[in-house]
Amino acid sequence: QVQLVESGGGLVQPGGSLRLSCAASGNIVSISIMRWYRQAPGNERELVASITIGDSTNYADSVKGRFIISRDNAKKMAYLQMNSLKPEDTAVYYCNAVIARISVGWNDYWGQGTQVTVSS
């Protein structure tokens, strides 16, 4: 079994910062790309940021210059540093990763999500 567990969400005022963490566990051989998605009420889930095993990153235009994605391969962790938060960043944030398991191969996995609310 593989689990992705997000943490670090919460309530923050506009202009504030939060750091989300995603911990992967289980019989993992390797993790290729790791991503953060978000979904606001009434909206489709959207890709926020991604990072490859070689630390190549990509960001949605709406978060460029404000969010930073990173990872620690040894700890099987991904992070999303969110700065200058805006009310429109309010959403449930999900961690996603493409993971190789012994005898299973590569598959796509999702965490349960963590709520981020930006409000005064």
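How many bridges join strand β2 to β11, and in which sense do the two strands run? In this predicted model, three bridges link β2 (residues 10–12) to β11, and the strands run parallel.

The largest nonpolar core contains 32 residues. Trp36, Leu80, Met82 and Tyr93 have the most contacts inside this core. Strands β1 (2–7), β3 (18–26), β4 (28–39), β5, β7 (67–72), β8 (77–82), β9 and β11 each contribute at least two residues. Strand β9 gives the most, with five residues. In soluble globular proteins, nonpolar side chains tend to be buried together.

Ser56 was examined separately. This residue sits in the loop connecting β5 (46–51) with β6 (57–59). Ser56 has a relative accessible area of 45% and is therefore partly exposed, as this class spans the values between under 20% (buried) and over 50% (exposed). Beyond neighbours within four places in sequence, Ser56 is in contact with Ser50 and Ile51. Ile69 lies 13 residues from Ser56 along the chain, and their C-alpha atoms are separated by 9.8 Å.

Methods: Residues are numbered from 1 along each chain as its sequence is written. This is a predicted model: local features need pLDDT of at least 70, side-chain atom pairs count only at pLDDT 80 or more; totals for chains, interfaces and linings use all residues. Side-chain values use heavy atoms; hydrogens and water are left out. Helices (H or I, at least four residues) and strands (E, at least two) are DSSP runs, numbered from the N terminus. Buried means under 20% relative accessible area, exposed over 50%, partly exposed in between (1.4 Å probe, protein chains only). Contact means heavy atoms within 4.5 Å. Two strands pair if DSSP finds at least two bridges between them. A nonpolar core is a set of buried Ala, Val, Leu, Ile, Met, Phe, Trp, Tyr and Cys residues joined through side-chain atoms within 4.5 Å.
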